Amino acid sequence: MSAMQSQDPQIFDLIEHEKQRQKEGIELIPSENYTSAAVMEACGSILTNKYSEGYPGKRYYGGQENIDQIENIAIERAKQLFGAEHVNVQPYSGSPANTAIYFALLNFGDTVMGLKLDHGGHITHGLPIAFSGKAYNFVQYEVNRETGRLDMEAIRKLALEHKPKMIVAGFTAYPRDIDWKKFKEIADEVGAISMADISHTAGLIAGGVLESPVPYFDVVMTTTHKTLRGPRGAIILCKEKHAKAIDRAVFPGLQGGPHEHIIAGKAIAFSEALKPEFKVYAKQIQTNARHLAEAMKAKGFKLVSDGTDTHLILADLTNKGVPGKQAQMILDTVGITLNKNTVPFDTRTPMDPSGIRLGTPAVTTRGMKEPEMDMIADWLDRVISNIEDTALHAKIKEEVKQMCLKFPVPGID
Ligand SMILES: *Cc1c(COP(=O)(O)O)cnc(C)c1O
């Protein structure tokens, strides 16, 4: 019996049930993944006991001889993986990392450009009710109504009009590749700091499948737990000239003691991403997403931008007559997990939007390939086209489970 099982059976049982859910269901939430057993061991290690405010070699407490080495290894591996001049591995997660970047390089009230939330941006990119939207004057750009894609000329015009101090090129529900060079040109033309938030696509960038903004941009932020497949957390990469400001903003500007158990997990994840196998994984994520997108289109699904270049698919269910919220709820009952999502120019609300967002990082980690993508498209279609048919849902739930049990989950099996 494990210590947790004997001491706190209530939490133990819930984790066991969650294990079963993760094993028997198809995980299509594009921001989720299965991290390795090695990463989880680091995150569950005794490093959680240690305080290490400051940076390697410049700490406020003693006993850092091991911690400093761990953090330096994480930094060096991240630099190598992304070709960055400077890396801060301490951010607790993506949202505090973005906040630290703003705090480092902007003054409150400064004008910033970010993609609108319902067009694929993140809450930290200027949502009016969020800290970013309250503390800074965010001007929000949109995608093109016809193409569902970024219109770089429209973005340039908006930048020339508003003269932002920073342009955030960041995407949480945008299925297409980004023209980083063009973004940087626009930022240079108006004298703005360029900031890329690659939280979703960092694994595809590290794996060489998508182009990297790191050579061009002043600052790049990524979470470590999405396509990058590490522990829950984030890192900030920047040019040397911003290094001091970024480090000071993370600590002591925004955070206290770094989570060194997570930083150890990040170091392990970076070493995994540096291996040749990770390139194969990243390529298969994209291949699976493209295949799933085509299979969904063949079933009459309408996709924003008509497809994907990445790991992510955004479907507008308006023509199917099923709102995103209901689709998410019913698909949950058959063991297919995805999320309801607004589509650009959505006529419904964020809590009950028109679309669903799905992606392939987690299923690809389990080893699923094109044949399984066909099965997933088929199940999505059968459930959404028969949204009231509970007998059919029960049958599909069993089919989903049988397929899933053939594909082991790292850290569980
Ligand atoms: C996920 C995400 C974040 C925030 O990450 P958290 O770890 O959830 O705070 C920030 N930006 C983008 C683009 C994201 O996709």
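The structure is a predicted model, in which local features require pLDDT of at least 70 and side-chain atom pairs count only at pLDDT 80 or more, whereas totals for chains, interfaces and linings use all residues. Residues are numbered from 1 along each chain as its sequence is written, and side-chain values use heavy atoms, with hydrogens and water left out.

The accessible surface of the protein amounts to about 17400 Å², and carbon and sulfur atoms contribute 53% of it. Of the 413 residues, 56% are buried (under 20% relative accessible area, with a 1.4 Å probe and protein chains only). Along the principal axes, the C-alpha atoms fill a box of roughly 60 × 60 × 40 Å.

The protein contains 16 helices and 15 strands, defined as DSSP runs (helices H or I, at least four residues; strands E, at least two) and numbered from the N terminus. Contacts (heavy atoms within 4.5 Å) between residues at least 6 apart in sequence join residues at least 24 apart in 72% of cases.

H311 lies in the loop between β11 (302-303) and β12 (312-316). This residue counts as buried because its relative accessibility is 1%. Beyond its neighbours within four places in sequence, H311 contacts residues including P30, T227, I285 and L358. The side chains of H311 and H200 are joined by a polar contact of 3.0 Å, a term denoting a pair of N or O atoms within 3.5 Å; within protein, one must be able to donate a hydrogen and the other to accept it, and residues adjacent in sequence count only if both atoms are side-chain atoms.

How values were computed
Buried means under 20% relative accessible area, exposed over 50%, partly exposed in between (1.4 Å probe, protein chains only). Accessible areas come from the Shrake-Rupley method with a 1.4 Å probe; for residues, only the protein chains shown count as cover.
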